[in-house]
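Please keep the model open while going through the points.

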Amino acid sequence: MQNFIKLAAKKLVNAIGLDISKKGAMAETIEKLTSMRMEEFAKFYQSEFSSSLPNVEGRYRLLSNLIGMGACEGMYIVTFLNKSLGLDGDVCEFGVGSGATSALMANEIRSSNKNIWLFDSFEGLPKP
């Protein structure tokens, strides 16, 4: 009877697009991901998504200082910023906030001939 209930519950859950996994399996995965150090995460991201990304001193420390965005978003910015370094022009950030993203971008372009231009209203974000 118990197997019948499990099978019926699984079919019902699958019908609405969900899946049942063993208790703790997801928690274990989340624990592994959250316990990764920033350097390990960045190296993983680089190996999976941007193998041509050069190693830049200070990147991991600056990624861990980001406010309002995660490391994955920070690595996305780093990846595409590095892809654009061969293009003419400088780098701009509109809406600087605390400056953590600005510091990350400035660090990435440090060895290039590009300037970084930072713009902010100093009034915060408007209400939605």
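**Notes on the model**

1. Helix 5 has buried residues that pack against helix 3 (38-49), helix 4 (59-64), strand 1 (91-94) and helix 6 (100-109). Buried means under 20% relative accessible area with a 1.4 Å probe, protein chains only; packing rests on contacts, that is, heavy atoms within 4.5 Å. Helices (H or I, at least four residues) and strands (E, at least two) are DSSP runs, numbered from the N terminus.

2. This is a predicted model: local features need pLDDT of at least 70, side-chain atom pairs count only at pLDDT 80 or more, and totals for chains, interfaces and linings use all residues. Residues are numbered from 1 along each chain as its sequence is written, and side-chain values use heavy atoms, with hydrogens and water left out.

3. The buried residues of helix 5 are Ala 71, Gly 74, Met 75, Val 78, Thr 79, Leu 81 and Asn 82. Helix 5 covers residues 71-83, and its end C-alpha atoms lie 18 Å apart; this agrees with expectation because 13 residues at 1.5 Å a residue should span 18 Å. The expected span is 1.5 Å times one less than the number of residues.

4. In the protein there are six helices and two strands. Their order from the N terminus is α-α-α-α-α-β-α-β.

5. Of the 128 residues in the protein, 25% are buried. Among contacts between residues at least 6 apart in sequence, 61% join residues at least 24 apart.

How values were computed: Buried < 20%, exposed > 50% of the residue type's maximum accessible area, 1.4 Å probe, protein only.
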